[in-house]
Amino acid sequence: MSTVVERTLHNPLLIKGLRARTRVKHLLSWGIVTLTITAFVALMIFTTITEREMASTQDAAKAVLPGIIVIQAIILMMSGTGAVASGVAGEREEGLLDYVRMTPMSPTSKILGYLFGLPAREYVLFFLTMPFLIAAAILADFNPLTLLHFYAVFFTSVWLYHLTGMVAGMVSEKPRLASMMAMGLVVVLYFVLPNLSRLGITFFEFLTIRPTFYGLLQQEMPEHLRA
């Protein structure tokens, strides 16, 4: 087990991605934007509900959770998938991908290096939003097992989308085109294909976190605050 962890931590593709995507100046700018938006959304929802006496403080804190989760989904599922796609396409355009293919690394190590190295900045931004979610969950006395269950599905979906971004990067000739293609697929998956459920085609909806979100989180919400 320790050998596997050591190999993962010393993965040159992972280290390269971390160094390229977590430069201090970029993290500071994006971190400030992320913290500002998350704080604004959380406080706006919480204060609006409590000031208008629409619900108790506990229920208001529960209402904050979906807003933060939407921000997290945009960061990892949209921006992260685009980062993976553009990163792979960029290395393909520069000829580095062919060099990586000839290295003695195992295919699994190469995939993991790109999968977690290229969206490194998005993972940092995601964890910047976690204090808001944890504070809301504690204030709302939210069941932690429900959150753990939800995030197990959440990250499974994230990794699936990032793998799709890798495929988009390998077939596209331009990084920007690959990024737009990958993020476009996520948008279609969330806002277009679920509408096919009206025709009885429900398979596509289970490629998203929507069933888990409505099945686990929404059932904890007060009825008059449910989306």
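Start at helix H6, residues 107–117, where Lys 110, Gly 113, Tyr 114, Leu 115 and Gly 117 are buried. Buried means under 20% relative accessible area, exposed means over 50%, and partly exposed lies in between, with a 1.4 Å probe and protein chains only. These buried residues of H6 pack against helix H2 (12–21), H4, helix H5 (96–102), H7 and H8. Contact here means heavy atoms within 4.5 Å.

The model is predicted: local features need pLDDT of at least 70, side-chain atom pairs count only at pLDDT 80 or more, and totals for chains, interfaces and linings use all residues. Residues are numbered from 1 along each chain as its sequence is written, and side-chain values use heavy atoms, leaving out hydrogens and water.

Now step back to the whole chain. It has 10 helices and 0 strands. From the N terminus on, the elements run α-α-α-α-α-α-α-α-α-α. Helices (H or I, at least four residues) and strands (E, at least two) are DSSP runs, numbered from the N terminus. Of the 227 residues, 43% are buried. Take contacts between residues at least 6 apart in sequence: 79% of them join residues at least 24 apart.

The largest nonpolar core has 27 residues. Met 77, Leu 133, Tyr 151 and Phe 154 have the most contacts inside it. Helix H4 (57–94), H7, helix H8 (144–171) and helix H9 (175–191) each give two or more residues to this core. A nonpolar core is a set of buried Ala, Val, Leu, Ile, Met, Phe, Trp, Tyr and Cys residues joined through side-chain atoms within 4.5 Å. In soluble globular proteins, nonpolar side chains tend to be buried together. A second, separate core has 9 residues, including Val 84, Val 88, Tyr 114 and Leu 118.

Zoom in on Met 77, in helix H4. Its relative accessible area is 2%, so Met 77 is buried. Leave aside neighbours within four places in sequence. Met 77 is then in contact with Gln 72, Phe 154, Ser 157, Val 158, Tyr 161, Val 186, Tyr 190 and Ile 209. Met 77 and Tyr 161 are 84 residues apart in sequence, yet 6.6 Å apart in space, C-alpha to C-alpha.

Thr 81 also sits in helix H4. With a relative accessible area of 1%, Thr 81 is therefore buried. Not counting residues up to four places away in sequence, Thr 81 touches Leu 76, Tyr 161, His 162, Gly 165, Ala 182 and Val 186.

Now compare two helices. Two packed helices are described by the angle between their axes and the distance between the axes. Helix H3 (residues 24–51) and helix H7 (residues 120–140) pack at about 25°, with axes 9 Å apart. Axes are lines fitted to C-alpha atoms, for helices over the stretch in contact, and angles run from 0 to 180 degrees between N-to-C directions. H3 and H7 are therefore roughly parallel. Angles under 35 degrees count as roughly parallel, over 145 as roughly antiparallel, 65 to 115 as roughly perpendicular and the rest as oblique. Residues of H3 including Trp 30, Leu 35 and Phe 46 meet residues of H7, among them Val 124, Leu 128 and Phe 132.

End at the loop between H7 and H8, the place of Asp 141. Asp 141 has a positive phi of about 55°, although it is not a glycine. Its relative accessible area is 60%, so Asp 141 is exposed.
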